[in-house]
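Here are some exercises to work through with the model open beside you. Try each task before reading its solution.

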Amino acid sequence: MRFQETENKNLPTIILLHGGGLSSWALTNVVEILQVNYHVVTPILDGYGEDSNHDFISIEDSAQKLISYIEQQHNGKVFALGGLSIGAQIVTEVLTQRENIAEFAILESALVLPIKGTKALTVPTFKLSYGLIKMRWFSKLQAKTLFVPDTMFEQYYSDSLKISKQTLINTTLSNGTYALKNEIEKTKTKVLVIVGEKEIKLMRKSAELLHGKIPNNKLIVLPNMGHGELSMLHPMEYAEILEEFFVK
């Protein structure tokens, strides 16, 4: 896991994790807005972007690496943690392991209920379809489902060519089998749970479960939005929601 950061380290630190299939470039527009008032750190998950030479292992492994970074570089606590999709799952896992690691957390489209059949189908599926990710036409279809802006497609496609089969398998397995742990009930972090109205039913149920389990949280259901659409296509609105959450 690599850590990129903005220059002013004297500002409150926000760590934002990208989603699966993406990298820190997906947060460029958000970072540009937030860096005026915050020191923004954007980790690159193992297996993706500039860290594609290390396979992604699991949500739990990534959570441990993030915790180690916070302990070593930020004395064990930061102002805020946030993530999209598998990035949000990693943040959720961090909150279960360290109850006071951040003042605030943002969980956008975090799946915390296992998908049936994930273990049985993942490996055979990627053995057959791995070659598709190297096809430009397929990457265009995938980019649309991830709400990757047209201006970022070339970077997305370039990174897609670097992703190993093992990273895809491990990411899919970890994402589809992750289950919320009871330790989340002990967190002292104030949490913002975000889900799109158009997301799959299991994702909306996950948001409701997080809302019910986390002691101090706020749930936002985004009208007419899909998975990751807020931060990917509406960075200004995303930043405004965060700013409002921080001051209330």
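The exercises below cover salt bridges, aromatic rings and a pocket.

This is a predicted model, in which local features need pLDDT of at least 70, side-chain atom pairs count only at pLDDT 80 or more, and totals for chains, interfaces and linings use all residues. Residues are numbered from 1 along each chain as its sequence is written, and side-chain values use heavy atoms, with hydrogens and water left out.

**Exercise 1. Find the salt bridge partner of K65, and say which parts of the chain the pair ties together.**

Step 1. Start with the criterion: a salt bridge is a side-chain nitrogen of Lys or Arg within 4 Å of a carboxyl oxygen of Asp or Glu. The structure holds twelve of them.

Step 2. K65 pairs with D46, and their closest N and O atoms are 2.4 Å apart.

Step 3. Now place both residues. K65 sits in helix α2 (residues 59-73) and D46 in the loop between β3 (39-44) and α2, so the bridge ties together parts 19 residues apart in sequence. Helices (H or I, at least four residues) and strands (E, at least two) are DSSP runs, numbered from the N terminus.

Step 4. Finally, check accessibility, where buried means under 20% relative accessible area, exposed over 50%, and partly exposed in between (1.4 Å probe, protein chains only). K65 is partly exposed at 30%, while D46 is buried at 3%.

**Exercise 2. Describe the salt bridge between E71 and R98.**

Step 1. The N to O distance between these side chains is 3.2 Å.

Step 2. E71 belongs to helix α2 and R98 to the loop between α3 (86-97) and β5 (102-108), so this pair ties together parts 27 residues apart in sequence.

Step 3. E71 is partly exposed at 40% relative accessibility, and R98 is partly exposed at 32%.

**Exercise 3. Work out the geometry of the aromatic pair Y38 and F246, then look for the cluster around these rings.**

Step 1. Rings of Phe, Tyr and Trp (its six-membered ring) pair if their centres lie within 6.5 Å; planes under 30 degrees apart count as stacked, over 60 as edge-to-face and the rest as tilted. The whole structure has twelve such pairs.

Step 2. Y38 lies in the loop between α1 (28-34) and β3, and F246 in helix α10 (residues 235-247), so the pair ties together parts 208 residues apart in sequence. Both Y38 and F246 are buried.

Step 3. F246 also pairs with F245, this time tilted, at 6.3 Å and 50°. F245 is buried, at 4% relative accessibility.

Step 4. Widen the view: ring pairs link Y38, F79, F104, F245 and F246 into a cluster.

**Exercise 4. Characterise the largest pocket by its volume and lining.**

Step 1. On a 1 Å grid over the protein atoms alone, a pocket is an open set of points where a 1.4 Å probe fits, with protein on both sides within 12 Å along at least five of seven lines; lining residues have an atom within 4 Å of a point.

Step 2. The largest pocket has a volume of about 1000 Å³, the volume being the space filled by probe spheres set on the points, which are joined across faces, edges and corners.

Step 3. Of its 40 lining residues, G20, Q142, L146, T172 and N175 are the closest to the centre.

Step 4. Helix α4 gives the most to this lining, with six residues.

Note on methods: Ala, Val, Leu, Ile, Met, Phe, Trp, Tyr, Cys and Pro count as nonpolar, Asp, Glu, Lys and Arg as charged, and the others, Gly among them, as polar.
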